[in-house]
Amino acid sequence: MECGLIGIQGSGKTTLFQALTAHAVEVQLGSMKPNMGVADIPDPRLGQLATHIPTEKIVPATLQVVDIPGVPDGGGASALNAVLSSIRTVDAVCQVVRCWDDAGLGPADPASDIASLEIELVLADLVVAEGGVDKAKRSSRSGDRDAKRRLELLEKAHAMLSEEMPLRSGDWDEAESALLKSYGMITAKPIMFVANVGEDQVSGESNHSRVVIDAAADRGGVAVTLCATIESEISELDQADRGEMLDSMGITEPALGAFARAANQLLGLTTFYTAGEKEVRAWVITQGATAPEAAGAIHSDIQRGFIRAECFSVNDLEEYKTEKAIKEAGKLRSEGKSYTMQDGDVVHYLFNV
Ligand SMILES: Nc1nc2c(ncn2[C@@H]2O[C@H](COP(=O)(O)OP(=O)(O)OP(=O)(O)O)[C@@H](O)[C@H]2O)c(=O)[nH]1
Ligand SMILES: [Mg+2]
């Protein structure tokens with residue numbers, strides 16, 4: 001699952017990408033190629049688990065991020081197409097919105113940035129819908145049943161886009177959503193926003209970030225407020241200095257935690273844990289996954305030879321402190337093949353291959 005960072009030029013996408021990937025990827029500046037990387041997902045629950053279950057190492061879950069450059073002014077059709085085709089392949093998009101007044105770029109105007117990018121993306125999808133309608137018409141004339149279904153869908157999409165409505169505001173069933181995704185329709189993708197604020201505005205809400213939060217709510221999505229330059233600096237520090245810097249700024253955790261949680265929710269993902277003396281580890285799975293499916297995230301053998309899953313929740317561990325006490329309190333659950341994994345489950349798998 002990939003989350004693509006999109007936005008107007010200079011809104012802070014690459015800075016945020018570097019923060020997310022802790023500067024592990026050498027970024028290309030001024031290139032129209034996207035930067036791709038993997039972000040560790042900061043997760044306070046891992047620390048909680050390790051407090052009660054002493055372990056050799058802690059392994060966080062990860063999120064794939066793609067930093068897509070903004071289209072330069074006067075960049076022409078080829079730059080625009082390069083950017084659009086990068087956006088078409090990601091699973092969800094995150095618009096980074098400039099919320100600081102910049103000496104070079106001028107005052108922040110988040111409402112206009114959000115509206116203008118949205119129109120641009122609606123137009124891009126409209127072009128795809130137009131092309132698709134023509135093609136599906138030709139195919140359905142030659143008696144292709146499936147083409148008829150595509151034609152109906154594309155005509156509905158075309159009508160919405162002509163009214164400047166993003167496709168995500170439409171009512172689509174699962175098959176239709178999958179078809180829209182296969183056409184690479186950008187405005188059908190789930191969207192979230194980052195209100196990228198100035199260094200002096202990380203605590204509290206500014207008028208600019210309020211605009212972004214409201215725009216996100218209008219679109220059924222979430223917004224995270226952060227300062228990408230500060231997050232980028234924090235990500236370069238080691239753990240001890242990190243805590244000190246956060247304290248000095250009155251921040252409880254790097255905003256990247258909130259970012260990653262929002263992105264996971266957007267992507268329809270949820271987290272479970274394995275915990276033992278070798279490692280305490282977070283795993284990301286699709287919401288609604290069954291116990292054996294979740295086991296597959298760890299190893300296909302565990303899924304294949306699944307017998308049952310012994311589960312408790314992170315909260316149970318907080319309350320009872322040890323696994324033994326959880327068991328004695330009757331809170332250790334034995335779950336079978338059809339169990340739907342819950343966010344925050346800690347699991348021991350029993351399997352046989
Ligand atoms: N004050 C302030 N400056 C920022 C912030 N985030 C990024 N910048 C600065 O804004 C400039 C552009 O940032 P980038 O991260 O390169 O922007 P971008 O969105 O990747 O730009 P393109 O790739 O050209 O579309 C850099 O000089 C950053 O240091 C922020 O949160 N606050
Ligand atoms: Mg960039």
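Q: Which residue does the side chain of T270 join in a polar contact?
A: This is a predicted model, in which local features need pLDDT of at least 70, side-chain atom pairs count only at pLDDT 80 or more, and totals for chains, interfaces and linings use all residues. Residues are numbered from 1 along each chain as its sequence is written, ligands are numbered from 1 in the order in which they are written, and side-chain values use heavy atoms, with hydrogens and water left out. A polar contact is a pair of N or O atoms within 3.5 Å; within protein, one must be able to donate a hydrogen and the other to accept it, and residues adjacent in sequence count only if both atoms are side-chain atoms. At 3.1 Å, the partner of the T270 side chain is that of D343.

Q: Is T270 buried or exposed?
A: Buried means under 20% relative accessible area and exposed over 50%, with partly exposed in between (1.4 Å probe, protein chains only). Because its relative accessibility is 10%, T270 counts as buried.

Q: Which polar side-chain atom lies 2.7 Å from an oxygen atom of ligand 1?
A: On the backbone side, a polar atom of G10 is 2.9 Å from an oxygen atom of ligand 1, and an N or O atom of G70 lies 2.8 Å from an oxygen atom of ligand 1. The side-chain atom at 2.7 Å belongs to N196.

Q: How much of the area that ligand 1 exposes alone does the protein bury?
A: Accessible areas come from the Shrake-Rupley method with a 1.4 Å probe. Taken alone, ligand 1 exposes 650 Å², and the share buried by the protein is 72%.
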